[in-house]
Amino acid sequence: MQNIKPRIVLSKCVNYEACRYNGLMVNSPIVEKLKEYVEFITVCPEVEIGLPIPRESIRLMKDGDEVRLVKSMSGEDFTEKMVSFSRKFVGDLTDIDGFILKSRSPSCGMKDVKLYSGIGKIPAISTKSVGLFAQEVINSYGHLGIEDEGRLTNLQLREHFLTKIYTLAEFRHLPRTMKDLVDFHASNKYLFMAYNQAKLKEAGKIVANHEKLTVAQVFAQYQAKLYQIFQKGANITTNINVLMHIFGYFSKELNSDEKAHFLEQLDLFRQKKIPLIVVVTVLNSWLMRFKQPYLAKQRYFNPFPKELMSISDSGK
Ligand code: SF4
């Protein structure tokens, strides 16, 4: 896992090129940090369809039942060009684990784009539209990790995104043998339990393969289940369930002060006063002390490189 780099498509104006309409680049410290740990495939859809840098801004405009991509002042229309470029680009992608898109852009924005009723200086009628490029990404790759650089400043969203892209990348690199799948499933047991206990059980049945399917069929079914497991982030209640399970392995070895300290930390986590990583770190220290081999290989303790762990949180 240490050497596996997820392949992530990135809006090029985020930390790579000053290609925004105003000739500037967006600086995201998280993307900067990720450069060492993921393989970025960068793209600027607006430059790809022939728009210059700098350029007049473009916007999403409601036109009857349709949404068009037009120049904000002149109304020149780029909808067809953008849709056809996006379909071709997205259709040509292979072996991708996720996307980081620029927020609020009428091309790349994934959920917070302004929509207008016309051109010129008028107020937006909505701030919840999706950029045309982002829409094609969602249509084809909605099951992968898709985030924007703004949302990644939120600790919970970032941890979910990183966990998802690293697990999917690891699965993508897994040798296609049943032994490797069994090991993968076993080492992800507590991670998947924190995400979705029911889907964890269903994934276990796929691995058990009572129907005697071919290895390729089993992997295909398992991959589909993996996407379902990661559909939503893990929540506080499911994490507490997992933390208590793991605590159970150590509790006989601990003295009453240590137990009380752990339960206190758990309570603070329940009240959202400390992040998950603080409680996991306590368990990790016991893992080193008591050398529990089954737990030692659990990805729950390190679902992505530790260098990417950070408790910074915008609170947004
Ligand atoms: S938001 Fe997308 S289209 Fe706009 S400059 Fe950035 S990469 Fe290019």
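Ile236, Ile240, Leu243 and Phe247 of helix 10 meet Phe262, Leu266 and Arg270 of helix 11. To meet here is to be in contact, with C-beta atoms, placed from the backbone, within 7 Å. This is a predicted model: local features need pLDDT of at least 70, side-chain atom pairs count only at pLDDT 80 or more, and totals for chains, interfaces and linings use all residues. Residues are numbered from 1 along each chain as its sequence is written. Helices (H or I, at least four residues) and strands (E, at least two) are DSSP runs, numbered from the N terminus.

**Helix 10 with helix 11**

- The contact of helix 10 with helix 11 divides into 6 nonpolar, no polar and 1 charged residues. Nonpolar covers Ala, Val, Leu, Ile, Met, Phe, Trp, Tyr, Cys and Pro; charged covers Asp, Glu, Lys and Arg; the others, Gly among them, count as polar.
- The axes of helix 10 (residues 236-250) and helix 11 come within 10 Å and cross at roughly 170°. Axes are lines fitted to C-alpha atoms, for helices over the stretch in contact, and angles run from 0 to 180 degrees between N-to-C directions.
- That angle makes helix 10 roughly antiparallel to helix 11. Angles over 145 degrees count as roughly antiparallel, under 35 as roughly parallel, 65 to 115 as roughly perpendicular and the rest as oblique.

**Helix 11 with helix 12**

- Helix 11 (residues 256-270) packs against helix 12 (residues 276-290) at about 160°, with the axes 9 Å apart.
- Helix 11 and helix 12 are therefore roughly antiparallel.
- The crossing of helix 11 and helix 12 is left-handed. In a left-handed crossing the near helix is turned anticlockwise from the far one by less than a right angle; clockwise makes it right-handed.
- Phe262, Gln265, Leu266 and Phe269 of helix 11 meet Leu276, Val278, Val279 and Val282 of helix 12. By class, this contact has 7 nonpolar, 1 polar and no charged residues.

**Helix 8 with helix 9**

- Helix 8 (residues 197-208) and helix 9 (residues 215-229) pack at about 175°, and their axes are 9 Å apart. Helix 8 is thus roughly antiparallel to helix 9.
- On the helix 8 side, the meeting residues are Lys199, Leu200, Glu202, Ala203, Ile206 and Val207. On the helix 9 side, they are Val218, Gln221, Tyr222, Lys225, Gln228 and Ile229.
- This contact divides into 7 nonpolar, 2 polar and 3 charged residues.

- An open sheet is formed by 4 strands in the order 2-1-5-8, with parallel pairing. Two strands pair if DSSP finds at least two bridges between them.
- Strand 2 (39-43) and strand 8 (145-148) stand at the edges. Each has a single partner strand, so one side of each is left without a neighbour in the sheet.
- Neighbouring strands of this sheet are turned by 20° against each other on average, direction ignored.
- Strand 5 (residues 98-101) and strand 8 run parallel and are joined by 4 bridges. Leucine 101 stands opposite aspartate 148 in strand 8.
- Helix 5 (residues 155-173) lies across strand 1 (7-11), strand 5 and strand 8. Helix 5 runs at about 145° to strand 8.

- Another open sheet has 4 strands in the order 4-3-6-7, with mixed pairing.
- Strand 4 (66-71) and strand 7 (126-129) are at the edges. Each has a single partner strand, so one side of each lacks a neighbour in the sheet.
- Neighbouring strands here are turned by 50° against each other on average, direction ignored.
- Strand 6 (residues 113-116) and strand 7 run antiparallel, joined by 2 bridges. Valine 113 stands opposite serine 129 in strand 7.

**The two domains**

- The chain is divided into domain 1 (7-153) and domain 2 (155-316). These bounds come from an automatic or database domain assignment.
- The C-alpha centres of domain 1 and domain 2 lie 32 Å apart.
- In domain 1, 14 residues are in contact with 14 residues of domain 2. Helix 1 (29-34) and strand 8 are the elements that give two or more residues to the domain 1 side.
- That side of domain 1 divides into 5 nonpolar, 4 polar and 5 charged residues.

**Backbone details in loops**

- The peptide bond from isoleucine 53 to proline 54 is cis, with omega near -10°. Proline 54 is in the loop between helix 2 (45-48) and strand 3 (58-63).
- Asparagine 15 has phi near 65°, a positive value in a residue other than glycine. Asparagine 15 lies in the loop between strand 1 and helix 1.

How values were computed: Two residues are in contact if their C-beta atoms, placed from the backbone, lie within 7 Å.
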